[in-house]
Amino acid sequence: QVQLVESGGGLVQPGESLRLACVTLSSGISFTDSAVAWYRQAPGKQRELVATLTSDFITTYADFVKGRFTISRDNTKNMVFLQMIDLKPEDSAVYYCTIKPTPLGFEYWGQGTQVTVFS
């Protein structure tokens with residue numbers, strides 16, 4: 001069973017920062033060997049990929065967050081992070097972390113954490 005729990009969301013003003021965290025509680029998968037990612041979904045919009053991080057620490061970012069968001073991981077704690085700076089109202093969404101133990105395998109999702117940026 002794999003469970004992901006996100007935290008760190010909240011209400012902030014434009015230009016402020018937040019750091020999201022996600023802990024993976026699992027049995028039977030290797031966190032270290034898994035790819036992880038953050039997605040987001042705003043009301044009435046499609047879910048979009050924000051950032052990915054492979055087991056080899058290769059990162060990719062959506063164009064709309066490049067230079068502002070940083071994905072990282074702590075394999076000793078089975079945790080993934082998303083550091084977000086210079087937040088904008090359009091960053092408001094529910095943010096989800098995922099883990100994918102194998103490239104073509106199942107992707108596990110957390111319940112999400114709400115980020116609201118308002119002026």
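User: What should I know before I start reading?

Analyst: The model is predicted, so local features need pLDDT of at least 70 and side-chain atom pairs count only at pLDDT 80 or more, while totals for chains, interfaces and linings use all residues. Residues are numbered from 1 along each chain as its sequence is written, and side-chain values use heavy atoms, leaving out hydrogens and water.

User: How many helices and strands are there in the chain?

Analyst: Helices (H or I, at least four residues) and strands (E, at least two) are DSSP runs, numbered from the N terminus. Here there are 0 helices and 11 strands.

User: What share of the residues is buried?

Analyst: Buried means under 20% relative accessible area, exposed over 50%, and partly exposed in between (1.4 Å probe, protein chains only). In this chain, 39% of the 119 residues are buried.

User: And how do I read contacts?

Analyst: A contact means heavy atoms within 4.5 Å. Of the contacts in the chain with a separation of 6 or more, 53% are between residues 24 or more positions apart.

User: Which residues have the most contacts inside the largest nonpolar core?

Analyst: A nonpolar core is a set of buried Ala, Val, Leu, Ile, Met, Phe, Trp, Tyr and Cys residues joined through side-chain atoms within 4.5 Å. The largest one has 27 residues, and Trp38, Val50, Phe69, Leu82, Met84 and Tyr95 have the most contacts inside it. Among the elements giving two or more residues to this core are strand S1 (2-7), strand S4 (35-41) and strand S11 (113-117). S9 gives the most, with 4 residues.

User: Where is Asp91, and what does Asp91 touch?

Analyst: Asp91 lies in the loop between S8 and S9. With 1% relative accessibility, Asp91 counts as buried. Not counting residues up to four places away in sequence, Asp91 touches Arg40, Arg68, Phe69, Asp86, Val115 and Val117. The C-alpha atoms of Asp91 and Val65 are 8.8 Å apart, although 26 residues separate the two along the chain.

User: What should I look for in a phi angle?

Analyst: Most residues other than glycine have a negative phi. Asn78 is not a glycine, yet its phi is positive, at about 55 degrees. Asn78 is in the loop between S7 and S8, and its relative accessibility of 24% makes Asn78 partly exposed. Asp86 also has a positive phi, near 50 degrees, and is a residue other than glycine. Asp86 is in the loop between S8 and S9 and counts as partly exposed at 36% relative accessibility.
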